[in-house]
Every structure is written in structure tokens, then in C-alpha cells.
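Biologist: Please take me through how to read this structure. I would like to begin with strand pairing.

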Amino acid sequence: MTDLNQLELDLINAIGSADSVQALEELRVSALGKTGSISGLLKGLGAMSPDERRVEGPRINGLRDRVSAALTARKAELEAAELEARLKSEHMDLTLPPRAARAGSVHPTLQVMDEMVALFAEMGFSVAEGPDIEDDFHNFTALNFPPKHPAREMHDTFFLKPDPETGERKVLRTHTSPVQIRTMMSGQPPIRIIAPGRTFRKDSDATHTPMFHQVEGLVIDRDIHMGHLKWTLETFVARFFEVDGIDARFRPHHFPFTEPSAEMDIRCDRSGGVLKLNEGDSWMEILGCGMVHPNVLRTCGIDPDEYQGFAFGMGVDRLAMLKYGIPDLRPMFEADSRWLAHYGFSAFAAPSPAAGLS
Amino acid sequence: MKFTLSWLKAHLDTTADVDAVADAMTMAGLEVEGVIDPTAKLAPFTVARIVSAERHPNADRLQICQVETVDGMKEIVCGAPNARAGLVTIYAPIGAYVPGLDVTLVEKPVRGVVSNGMLCSAAELDLAGDSDGILDLDPGHAVGTPAAGVFGAEPVIDFEVTPNRPDWLGVDGIARDLAAAGLGTLTTPAITPVAGQFPCPVSIRLDAPEQCPVFAGRVIRGVTNGPSPDWLQQRLTAIGLRSINRLVDVTNLIAYDRARPLHAYDLAALQGTTVVARAGTEGESLAALDGKTYATAPDICVIADDDGCRAIGLGGVMGGETTGCSDATTDVFLESAWFDPLVTAQTGRTLGISSDAQYRFARRVDPASVVPGIELATRMILDLCGGEPSEVVVAGRTPAAPEAFAFDPARVGRLTGLDISADRTAEVLTALGFTVETGQPWTVTPPSWRADVEGPADLVEEVARIVGYDALPSTPLPDLGAPSAGLLSPLQGRVRLARRALAAMGYAEAVTWSFTSEAIATHFGGGDARLHVENPIAQGLDCMRPSILPNLIQAAARNADRGHPDVALFEIGPVYRDDSPTGQRTAITVVVAPHAARHWSGAGEDPLFQLKGDLMRLLTLIGAPAGLQTVQDAERAPVDPWWHPGRSARVQLGPKMVLAQFGALHPATLKTLDAEAPMLGFELILDAVPEPRGARTKSRGPAKLSALMPLSRDFAFVVEDRVPAGDLVRAVQGADKTLITEVAVFDVYRGKGIEPGFKSVALEVTVQPDQATLTEAEIDALSAKVVAAAGKLGATLRQ
């Protein structure tokens, strides 16, 4: 009796003072292992008389259960303490900075081109393209610029050196209008396209660069008239500038390839370098447009008595400057990393009908 | 071009003010550049008369004047030597802004005497003229008369004329359009012929009728030349012209009044009695009125006297110095001719010369104005200079007038959407000078000055712009229905995706010139003679670029020069191989100047492998075919010479198709471009990337998600150093294409334990069983296949 009580007291004390999982395991083996003290007592039960066993059995089994439970409880305590100590040692200074990732960006001109493509796509326009190096026919003659006509001079054309074999002198396209010609010559109405791209004129000052971007539009069908032109451009400009409506004015102008021709002005206040649309009393020209000239249609094999339509062209860089408050054109093409970071757009600012343009 | 309101009113009876005129011009298609109103700054100034002038008690040079002004008698201190009693001059009250001095007058004592205003000189009012003292005006001017009235100052409208409307280069043409637009009544005085009093002593011969088909001339004898009267001087100087003398001023006035250039020769200076319009000859030159000497040529029209021997003018451009009119001229020969527009335009370009006449003839002067022009000039010269006119001689024939054509007035509505009656259409056209015969269909004849009108669409524009574009309806485009698929071509879609992907990877998009210098183009494999710009904007921009790399390298160098060396730039744009439409390719180009700030955790991934990773990710994103290889083999797959020979490679599809090159840029190339090494980059020719095969359906098929665990085995191979690790990986991948799904390189080792010239490459091979879990024997067999495949490259298992 006393022996069992003493044994239990000793074991429970030893378990309580075990200071590691390993010491605890040694205790477990010494008590409950094959040759352990409690295991030995349990083995002794077999040699007892049934009466003795009836009395001693529950005592020894009870002892085993209590010691076993004490071991488990102590083990959990020790493991928790060990984990806590380990985690403490694993401390990291998270105020240290991560490795900096470069912030990429989309150029404002190309962002604006994406915006334009998105807006015109909603109106059913697809995107056509043509080469930057054009021949005289596509850039001028087919667009109703007669040879040597003064209107050609207005374009400040860049010429390439004449081909040594053919003598032909190519030009850098002065507008995206040659894409109209290529589109009409390779397809049949109805036509509804825009043509974005690089254009070139020999001009360089605060508001002109020798290279710039245009978006051309062309709609040809049987009954397309100037009212459609007006609606298309008013709708586009309002959506582009993200306003509910636009106070616009169409003004007669002259382009060789359209008749009637017009320029579109928008009413705005630009005081303080900020563009406020539909305010103030000054008009700003933003694009040229008109009904495609019958000569142009004829040249492209389209009967002007059957089909008619409109064309328009606008400067992408300039619209980007107006919309996003970019004061000077020239840095657009200088790739100053600070400028690109300031005026560039996030990769994830792709225009969408749901999220908006930028 | 410019004109004044009073000049316009000589042709148009209107009550409109200058702003209303400018607005009406704008809406009729004349681009108004601005309205300059000199009267605004003269507003505070009025005529005053000095009643008495006495010496200032405290200053010898100053006088104290009692002045009769619009504000009553004023005591004004004046320092001008010519201030005297009785002088009529200009008075500025206290508070007036004096433009010539850039000050606003305040009441303050001058040497102890308060001056209640100021008496002004011409310079102080920003006017031209003698400024030795205060203005000394005609005593006839009443006290209080506004200064603007005294000096004839009035608002000037400055505007641009589009090349199709030479008739707008005369004030009468503008008045006609404004009258048609309802701004007033056209009152241009009719021209009446002046009877000649003797036969013209000069005869005219046309030797180059294709350059000058018609030429009218007349002599006026006994004129008195000299300074023009004030009204004529003011009319010309108000729009920025210089008044020369009466004869020259008359021709200049008519050029602006009627868009009819003329020339007056001093008859006494003419040699012979025959004036000839002929083609220029090589070696001939002319000293023109602008003081410069011009070489003529067969494509330049020359006016010559002495029976055609001596050049005395460039036809339709400028007269010669020797025969110009001076104050001493008493007999004048007047020329009113018509010069071919293309010839005159070309002369302007060839000689770099422009004049009011050249500008007008190049745009096509009204051929019907030849004789009326000379009659109008005669009338004005007789009025201003006196004299006796000869008969008019006309040589040649007036070019044909624009032809009549059929016109259906319903076309106006069809093309514009405007609702305009046929009557209104006829009314507008008639007001603009067109002859309208309203039959079935109509026949419309344009006036002689409207050669730009060739067909019905032109008439529609005339009607629409006069009715006003404000009346245009706003009509929604017919709905074509939502497109069944996207509207971008596969290439356009890829460009768009690549742009967003590269920006997301940390590259900043740049847009740079399509040009570069010839030297750089040649260095980068371009410089084809057909790609040279004949008239470049600058020396360094004279060749179309064969690559975007040099532009981005230079941009990176510029950023470094500004103290920002760490850049990662990209551009997606054209490169030019030849001048044909197919010679233009779309390149996706990246340049990185790796100068990232040091980091506490040590160096990160090698920037070149980071770049390679970005390139490969980009290729995957744009849908490049699977199975791309990085090939680094200077002999069989050389890169372009602008890459670092040891640190560059090609990305290929199969043995031949090159999609991209990447690596470090050659230090010599960077030096050529004044850029500091290292710089890294890639150039991906988008057109070379095959498009995914068009799938019939967008369905992706079932996903194959194996229920069996993948397992991995490590192999360390010893292989000759020259064998690219990529080749080893590919060989191992090929050992069993169904079971081996991934081969990763986890170590490359050279040094102790490895023979010199060899390296150890450690691979982790991932095996995905597809039918059943592999047995040990099957795994051993697979390992043997891996070792055998590596063995073909001379690799052995590391012991």
C-alpha cells in the first residue's frame, strides 16, 4: 500500500519537475516502459491469487492511468514552451524594406490610343493599319491632292531618297489618311474603320514634333451623311473626355480629300493650364473631318452616286496632352524616366466599358 | 491676310461690329487668327490744345502748360522742347496707361508743381513717326477728339485662307461670302472702263503661253507720282504694308482689294517697245525689287523688255529693280496678266521667294480680272496722279472659265442631312456668284473665280457652310449590332497584350523617333539607300531605324546623364527593313540599364536571367508556340554583332525560325552610342511569332488531373564546360516525353572534385505517372533512360 502511494508521489513529482521532452520520455520509459516500475507491478498481477488480484488490480491500473495522464499533460506543457522559445528565436525585423520592384508604365499616347480604340469599337469600328513609308499615290494623289498643288506644301513632307533603280521617291506618310485608300481599294462598303498610327511632318517647335500620332476614321455606306459624322464625333469626344455631353462647333474648312469639309471645335476654358470643357467662351480646334470627296471614292473604285460617307482625323498626342494636362509635346518622345513615371499609366488601367477609360 | 473693318465696309453695307464679322467669317470657313484692336489702347487719349506755356520755376528744361482738354483746363508739366502756346497735341489724363512707357499716370509733383496729366509723343502712344517732341497735330482737330480717330486706327482682322479659295485673298471676295451669309449687302463698286486716248506705244508678245496665257497692258503718260494721300497710306499701313508711292500703292491696294495683282513699270526705264512674257533661260538672272538677285530657268516665267532680251521681272512674282516706279516717274506701263498657278508656285519654291503677287497667282487669280483690273488701276491712278491713258492692249487668251455641270438640289440633303429647300439652295448659290439654271436637273456654272468648284459635292459644301454647320442634325450611326468577336487583328491584340504585360513586369513604355542617324542605322544592320530621308529635320535623324535598340540605349544614356541610371524601357513600334509596305515590322524591344540600389539582403537574381524570364513569360503570354529554345551557338546560330558575344542568345522555334535575340549589349556598341555598360536588352520581332492556329471552338477540353502522385529524382551530371546546360535539360526532357514533366537545374558547379574543363550540372527531374504508380524497376529503367540521354552529350553521372 504505502509502496504504491510512495511510488505515485515520486513519479508525479518527477514528471512535474522534468524540464525537457527528453527527460520526460526517460521518465515514461522508467515507469511505463517494458522494464518500467509500473509495468513490473502490472506483470506481478499474474502471479497473484484471484482475491489479491481483485484488490491490487484496480490500484495498479489506476496508478498507471494517472501517471500516464500526468506524462501527457506535462509533455504538452513542455512542447508549448519549446515552440514559444523557438519562435522567439526566429524573430525577423519586418520593418526592413523589401527589394524594390521597378514600376512599369504605359506611355500616355498609347494609353489614349487604347482608349480611342475602345470607344470606337463600341460604335462598331474595327482597326485598320498601313505602312509609315508611303508612295505618293496613297499619301497624296489618291486623296485628291493634284500633283504640285499648293495643298501638298501645307504638309511639310519628309521625302526618302529616290530609289536608285526606279527613281520613285517615297514619302513618310503625312497623315493616316492613306489607310483610307488602302482600306477602300481592298474591300467593299459598308466600311467602318479607324486607323491609328505614326505620322511625320517636317516641323519642330513647342507644339509640333517631326513625328506624331493620328487616328483616322472612315465610314462608307449608302446613306451616311454629315449628321452621322456630327453625332459620331460629338459622342466620341464626350466619352473620351468623360463628360455627359460636349459643347462642340463644326466649322467649314478645306481638305482636298473631303467635301464638304469641317473642323470641330470644343468650347473650353484653359486658364491656369487646366482644361475645363463646356466652360468659358473660347473655342479650341480638336480635329478635321468631312464627307469623303467623290474623286477619292472614284479612285478607290467606289461609285460616289451609290456610296458616300465621312472621314475624320485627329492628333492622338495632342488629345492626350489635353485630357491629361501634359503641358509640352516634345518630352513625349524623349523617354525621360521621371516623365514616363509621372505621365504614364498602370498596366492595369486598360480601358473597359465597365471600369472606365483610365 | 489682314483687313480693316472700314475696308470691308467699302464692299459690304453692314452694321455688324468687328466681332460679329469675325464670327461670321469663321462660320463661313475663314479661319480668323485674331482681331487686333489698336483703338483699345488709344482709348484714354484725346486731342488737346496748349493755351499757354511758361517756364517751370525750378527747372530750366520744363514748362508749365495750361491745356484745354476734354476734362477742361489742366495744368500740365511738360519737358518737350516743342511745347508752346497754340500747339494741338494729345493729352493723357491721370490714370491712363501709356503703352510706349509702360506706366500708368499718377498725380505727382514734378519739381514741386503738380502735373494733372501728360502731353504725349508718338513713341509714347506706340505709334510710328517722329518723336523729337510731343505730337504736333493739324490745328483743325477739335479738342476732345479721340486719338484713335486722329490716327485712323481701327480694328484689324487677321485670318488664314485655305488654298482652295484664292478669291478670299481680296476683301471683295470676303464681302461676297459675308453678304451671302446674311451679314449685309454686297456693295463692291462696279468697274467702268477708262477710254484710251492714244494707241498703246508698248506691244506685248507671249512666248510661253503655258506660263502666261494672257497679258493686258496700258501706258499712262504724264502722271505725278509721290507720297500717297493719308487714307491710302492708312489703309495699307493698318494691315502691315509699307506705303511706297502712289503708283505702287495703287497696285498693292488692288491686290488686297480685289485679289488682282498688277505691276507698274517706269516707261522711261523700259528698253525697246515690246514687252515679252517668256520662259527664263539658264544663266540669266534678275535683280528684283527686294534687293536680291535671282537666277531664272526655263520653268520660271520671265517678263523681258528690249524685245525679250532683258529680264525685267519674274512673271507673277516680282518686278525688277531697274524698271520700278519712283517719285520721279512720269510715264507708267501697267501690267495686268495671268500666270499659271503651278508655274508660279514652283517659282516660289525654286527661288525661295514669296510676294503678295506670287501668293495669289500660285493659288490661281481670277482669269476674268485681267482687263477689269487694269481699268480699275487706271481709274485710281488718274484720280491720284493725273495723266493720260493709252488704249489697253491684250495679248493672248483668257484661260477657260470653270465648266457648267448638272446638279440635283436633293443632293444637299442627302449628303448633309440638312433640310434645305431647292429655292434656298438656288438663292445661296446665286449670292455666291454661281449661275443656276433650274431645269431637270439643274445646270450650275461656277463663277470665274471659283475654279475649286468641280462637281455637286462642292455645291453642297457651299450651301451647307452658308446656311451654317450649326444647323446640321446629330444622327446616330446605324447600329451594326455588337460584333461577334473582338475587332482587333491577332497582331493588334498581341501588341496590346505585350504593352500591358511589359508594363506590369516593371518596364516603362517609351515612344521614340522612327528615325536615327545613318551611322547608327548602318551599325544596326540598316542604312539601305532607300531608307534615307532626303530632307531630314536634323543631321542625326536622317535614316529610318532598322532597330529600336539604339533609340532606347540613347534614352537610357540620357537618363544616366541626368543622374537616373537605373532604367528599364520598352517600346513596341515599327522597324524598317526596306521601303515597301512589307519592309516594316513590329518590334518589341526592351533595354535595361541595371543599376538597382543595393539591398540589405544582398544581390538578387542576376538581371540578365530576370530579363530572360520576362522575355519567356512575354512569349507565353502572347501565345507563342510551345517548344521554344534558347540557342547560344556563335557558329551555327550567331547573334547580331551589337550583342555581347558571350552573353547573348537567340530564342528559336525549331532550328531556323528566330523570334528574338537577347542578352547584354556589346560594350563597343554602347561606346558608339555614348552609353555606359552594362546594358541588357531583347528584341522580339512580333511578325516572326507564328499565330496560334485558329481553333473552331473556344472549348478547352477536359483538364487532365492525375490521381497519381508525381515523384522527383535528382541527377548530377559531369559534362564538358562547352555543353550548354539548356541542351542537357532538353536531352533529359526527351528521355521519356510522357513521364517526365519537368526538369529543373538546381546546381551548376565547377572546382574541386571536378576535372578542369568540366562542370557538374544537378537536375531535379519530375516524373508524373499516368497509368499506375511506378514500380522500383520501372523507376530504375527511367533513370537509365535519363542517364543514356545525357550520355549522348558526353555527360556522365557524378560519382
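Biologist: Which residue stands opposite B:Gly72 in β6(B)?

Modeller: Strands of a sheet pair through backbone hydrogen bonds, either parallel or antiparallel. In this predicted model, B:Thr69 stands opposite B:Gly72. Strand β5 (residues 59-69) of chain B is joined to β6(B) by seven bridges, and the two run antiparallel. Strands are DSSP runs of E of at least two residues, helices are runs of H or I of at least four, and both are numbered from the N terminus. Two strands pair if DSSP finds at least two bridges between them.

Biologist: What is the order of the five strands in the open sheet of chain B?

Modeller: The order is β6-β5-β4-β7-β12, with antiparallel pairing. β6 (72-78) and β12 (118-120) of chain B each have a single partner strand, so one side of each lacks a neighbour in the sheet.

Biologist: How many of the eight residues of helix α9 (residues 356-363) of chain B are buried?

Modeller: A residue is buried if 20 or more other C-beta atoms, placed from the backbone, lie within 10 Å of its own. Seven are buried in α9(B), so the helix is largely enclosed by the rest of the structure. Among them are B:Tyr359 and B:Phe361. B:Arg364, which follows α9(B), has a positive phi, near 90°.

Biologist: How many residues of chain B are in contact with chain A?

Modeller: Contact requires C-beta atoms, placed from the backbone, within 7 Å. By that criterion, 76 residues of chain B touch 69 residues of chain A. Helix α14 (residues 490-504) of chain B gives the most to that side of chain B, with seven residues.

Biologist: What conventions apply?

Modeller: Residues are numbered from 1 along each chain as its sequence is written, and chains are lettered from A and ligands numbered from 1 in the order in which they are written. Local features need pLDDT of at least 70 and side-chain atom pairs count only at pLDDT 80 or more, while totals for chains, interfaces and linings use all residues.

How values were computed
Two residues are in contact if their C-beta atoms, placed from the backbone, lie within 7 Å. A residue is buried if 20 or more other C-beta atoms lie within 10 Å of its own, exposed if 12 or fewer, and partly exposed in between; C-beta atoms are placed from the backbone.
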